[in-house]
Structures are given as structure tokens and as C-alpha cells.
Amino acid sequence: MPRIKQYLDYVEDLRSLSIKDIKRYLKPNTHSDNGVLTYYRGGERTGSIGIESQIFDNEGTIILSYKYRQELNIRYEIQLISKPSNLGKGIVWYFVCPKTNKICRTLHLKDGYYYHRSAFPELYYENQVLSKNWRKVQKAMEIELSEKVWEEYFKKHRKKSYRGIPTKKESKLSQIIQIKEEYIPDLSILNFIK
């Protein structure tokens, strides 16, 4: 029987590199060799990455150079491609993951390299490991603690329907309030205290 891992790795805990982070280096037909991206956590600097970029009209490359865990110097290249925006204005840039060749907008740092999240099969989002009951508790608590939901619901001139059909906002608010009202906590999990 396989052993279940006690401490799971979550996507939210990993350092990530997003297209938003390097947007200033993505001007077509340019070359940049002195970019620096700095990471902060709690107001304290936790690391930095050197970025070199060579961008053409529809594709390009960035070279990342950084020190992993203060001991390993890493330098490698990541391909970039662009596609026309679905709005018809401009282009949208994407990374091509060096390991999986998947197109994505965010890469995650694990084991020293930035890859697409599918390159790490043991990586989860926090909500993926929560039980169904706990997700309901979490959702109900978010709703309970959020005054914004009630403020929005009781807004004076809120548009509830258009031509007799409930608006998307009205449907969403009704659904959230229904979740809150229907939630009955399963207290059987507290029986172990007795």
C-alpha cells in the first residue's frame, strides 16, 4: 500500500513568474539585458531574478538567471509567443513551459526551475485537498463575514432584472445568499472531543 504524503505542496505557497511581472520587457523588436525582478514577502526582500529578453514581433525569449537556495546558480531560457487578443486589439503574450511545452501565463518555481503547474504532479491548489464539508464551511464563513454581499443585496437602486429575466449579478447574489441560508454545519466531526 503506498504511503500518503503528509505535507502537500500548494500552488499558492510557491513563488511564481507571471507575464504581468515581465510586461515591461515585452515590447516588440527590442533587446534588454539588464532587467531585475525582485520578490518581497511581508515587506522584506526575499529574492531577485535577472532577466534578459529578446523580443520579435510574435515571439521571443527571456533568459532567467538567479541563485536557488543561496547555493545553485541557475540560468536558462524560456520561449515566449504571442497571439491576437480576443478583443481584436493588440496581442497577448504567453510563456512556453520549458518542460511540458504548454502555453501559459504563469510559471511556478519548484525544485529550482520555473515550470507550468502540470509539470509537478504532486502540486495542488489548497481547495483541492479540503473535504466537501469543509469547503461549504469556508464558503459560508466568507459569506457571513462579507458585509459587501448584504450591502449589495439591499442597495437602493439595484437592477434586479432586465426584461423580466434576472440579471447575472442578481443570480449570483441570490445563489450566495441561498448557500448561506442552506448551510447546516456537520458537527459530527467534533465527536472525537468527548
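Is glutamate 122 buried, partly exposed or exposed? At 28% relative accessibility, glutamate 122 counts as partly exposed. Here buried means under 20% relative accessible area, exposed means over 50%, and partly exposed lies in between (1.4 Å probe, protein chains only).

This is a predicted model, in which local features need pLDDT of at least 70 and side-chain atom pairs count only at pLDDT 80 or more, while totals for chains, interfaces and linings use all residues. Residues are numbered from 1 along each chain as its sequence is written, and side-chain values use heavy atoms, with hydrogens and water left out.

**The chain as a whole**

The chain has three helices and 13 strands. Both are DSSP runs numbered from the N terminus: helices are H or I with at least four residues, strands are E with at least two. Of the 194 residues, 29% are buried. The accessible surface is about 14,700 Å², and carbon and sulfur atoms hold 51% of that. Such areas come from the Shrake-Rupley method with a 1.4 Å probe; for residues, only the protein chains shown count as cover.

**Salt bridges**

Side chains of opposite charge can pair when their charged atoms come close. A salt bridge puts a side-chain nitrogen of Lys or Arg within 4 Å of a carboxyl oxygen of Asp or Glu. The structure holds four of them. The table lists some, including the pair made by glutamate 122.

| Salt bridge | N to O distance |
|---|---|
| Lysine 110 and aspartate 111 | 3.7 Å |
| Lysine 110 and glutamate 122 | 3.0 Å |
| Arginine 158 and glutamate 170 | 2.0 Å |

Start with lysine 110. Its relative accessibility is 11%, so lysine 110 counts as buried. Lysine 110 sits in strand β9 (residues 106-110), while glutamate 122 sits in the loop between β10 (113-115) and β11 (123-124), so their bridge ties together parts that are twelve residues apart in sequence. Aspartate 111 is exposed, at 54% relative accessibility.

Now take arginine 158 and glutamate 170, whose side chains also meet in a salt bridge. Arginine 158 lies in the loop between α2 (147-153) and β12 (161-162), and glutamate 170 lies in helix α3 (residues 168-182), so this pair ties together parts that are twelve residues apart in sequence. Both ends are buried: arginine 158 at 13% relative accessibility and glutamate 170 at 11%. Elsewhere, shared partners join Lys110, Asp111 and Glu122 into one network.

**A sheet with β9 in it**

Strand β9 also belongs to an open sheet of three strands, in the order β2-β9-β10, with antiparallel pairing. Two strands pair if DSSP finds at least two bridges between them. At the edges stand β2 (16-18) and β10, each with a single partner strand, so one side of each has no neighbour in the sheet. Three bridges join β2 to β9. In one of these strands, β9, threonine 106 is the bridge partner of serine 18.

**Aromatic rings**

Rings of Phe, Tyr and Trp (its six-membered ring) pair if their centres lie within 6.5 Å; planes under 30 degrees apart count as stacked, over 60 as edge-to-face and the rest as tilted. The whole structure has five aromatic pairs. Tyrosine 76 and tyrosine 113 have ring centres 5.1 Å apart and planes at 65°, so the pair is edge-to-face. Tyrosine 76 lies in strand β6 (residues 72-84) and tyrosine 113 in strand β10, so the pair ties together parts that are 37 residues apart in sequence. The rings of tyrosine 113 and tyrosine 115 are 6.0 Å apart at their centres, with planes at 20°, so this pair is stacked. Tyr76, Tyr113 and Tyr115 are among the members of one aromatic cluster.
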